[in-house]
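Welcome! Have a look at it, then read on.

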Amino acid sequence: VEQPCSLTKAELVKALELFHRREVLTPIVCPKELWRPKQAAKYYPGPRPEKVLQDYLKRFLAAWWHGFSRAECEDTINIGRIDIRLLRPDSAFGSLCYWAIVELKIVKSFDHSASDAKPNAVSELENAQAVAKGVEQSSDFARDRGCLGVLEIYDMRKNKTTSDPRKHSLVLEALANHKPNPEIRLSPLFGSADDARHAGYA
């Protein structure tokens with residue numbers, strides 16, 4: 001089988017960056033279920049934004065290597081459940097083996113609520129706890145499977161400049177206690193095209 005793209009961290013990061021910019025950056029291009037209907041500009045999320053992103057990203061990554069690498073969702077192993085696993089052919093055994101895992105986490109300003117209810121605010125601590133858990137999961141899963149680990153954080157917060165969740169003390173503690181450290185990416189999602197443009201996206 002001809003390998004169209006290299007199965008490397010650099011190639012995976014390239015795919016994640018393209019997915020972010022082309023498929024989910026603003027409500028114009030992202031899945032409609034990601035934001036609450038007609039409330040994206042308020043940064044109100046849909047009911048299951050992490051699941052929506054997981055499903056769309058899995059399909060995008062499955063197509064990226066034109067079948068040479070397989071992407072699968074929610075693989076349950078003895079220490080937890082992997083969001084997306086990337087598999088490659090193992091020539092020695094004629095089967096598939098892990099080469100990378102991608103864990104997804106979301107930081108946000110609000111929880112989901114019904115369309116007629118004002119959502120509850122999400123604190124900086126709650127967001128940091130989610131990211132710290134992502135660090136632990138991606139590190140432990142990558143070590144257990146003997147593969148590359150990536151933690152992809154989608155930033156659905158209205159104000160993205162107040163703090164970097166990757167620098168919170170809880171996250172730094174998780175990084176110190178879980179090896180190997182995953183590749184950690186923070187990808188901003190905007191509730192409007194204007195917000196994305198003002199943030200420097202063209």
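## A first look at the fold

From the N terminus on, the elements of the protein chain follow the order α-α-β-β-β-α-β-α-β-α. That makes five helices and five strands. Please keep in mind that this is a predicted model.

**Overall shape and surface**

- The radius of gyration of the protein chain is 17 Å, which agrees with the value near 17 Å for a compact globule of 202 residues.
- Along its principal axes, the C-alpha trace of the protein chain spans about 55 × 35 × 30 Å.
- Of the 202 residues, 50% count as buried.
- The protein chain exposes about 10400 Å², and carbon and sulfur atoms supply 49% of that area.
- Among contacts between residues at least 6 apart in sequence, 64% join residues at least 24 apart.

**The nonpolar cores**

- In soluble globular proteins, nonpolar side chains tend to be buried together.
- The largest nonpolar core here has 33 residues, and Leu12, Leu57, Leu61, Trp65, Leu86 and Tyr154 touch the most other members.
- Two or more residues of this core come from each of α1 (9-24), α2, β2 (80-90), β3 (95-108) and β4 (148-156).
- Apart from this core lies another, of ten residues, with Val107, Val135, Ala174 and Ile184 among them.
- Which residues does Tyr154 touch, not counting residues up to four places away in sequence? They are Phe19, Val24, Leu53, Leu57, Leu104, Lys105, Ile106, Val107, Ser187 and Leu189.

- Leu53 is found in helix α2, and its relative accessible area of 1% makes it buried.
- Not counting residues up to four places away in sequence, Leu53 touches Phe19, Val24, Leu34, Leu104, Ile106, Tyr154 and Leu189.
- Leu53 and Glu23 are 30 residues apart along the chain, and their C-alpha atoms are separated by 9.7 Å.
- Gln54 also has its place in helix α2, which covers residues 49-64.
- Is Gln54 buried or exposed? Gln54 is buried, because its relative accessible area is 3%, and buried means under 20%.
- Leaving aside neighbours within four places in sequence, Gln54 is in contact with Cys73, Glu74, Asp83, Ile84 and Leu104.

- Arg145 has its place in helix α3, residues 124-145.
- With a relative accessible area of 31%, Arg145 is partly exposed.
- Arg145 touches Ile77, Asn78, Ile82 and Tyr98, not counting residues up to four places away in sequence.
- Ser163 lies in the loop between β4 and α4 (169-177).
- Ser163 counts as buried because its relative accessibility is 19%, and the cut-off for buried is under 20%.
- Glu124 and Arg157 are the residues that Ser163 touches, not counting residues up to four places away in sequence.

**Backbone features to look for**

- Most residues other than glycine have a negative phi, and most peptide bonds are trans.
- Lys38 is not a glycine, yet it has a positive phi of about 60°.
- Tyr43 is another residue other than glycine with a positive phi, near 65°.
- Where do these two lie? Lys38 lies in the loop between α1 and α2, and Tyr43 lies in the loop between α1 and α2 too.
- Lys38 counts as exposed, at 88% relative accessibility, whereas Tyr43 counts as buried, at 2%.
- A cis peptide bond joins Lys179 and Pro180, with omega about 0°.
- Pro180 lies in the loop between α4 and β5 (183-188).

Terms used: Residues are numbered from 1 along each chain as its sequence is written. This is a predicted model: local features need pLDDT of at least 70, side-chain atom pairs count only at pLDDT 80 or more; totals for chains, interfaces and linings use all residues. Side-chain values use heavy atoms; hydrogens and water are left out. Helices (H or I, at least four residues) and strands (E, at least two) are DSSP runs, numbered from the N terminus. Buried means under 20% relative accessible area, exposed over 50%, partly exposed in between (1.4 Å probe, protein chains only). Contact means heavy atoms within 4.5 Å. The radius of gyration is taken over C-alpha atoms; the globule rule is 2.2 Å times the number of residues to the power 0.38. Accessible areas come from the Shrake-Rupley method with a 1.4 Å probe; for residues, only the protein chains shown count as cover. A nonpolar core is a set of buried Ala, Val, Leu, Ile, Met, Phe, Trp, Tyr and Cys residues joined through side-chain atoms within 4.5 Å.
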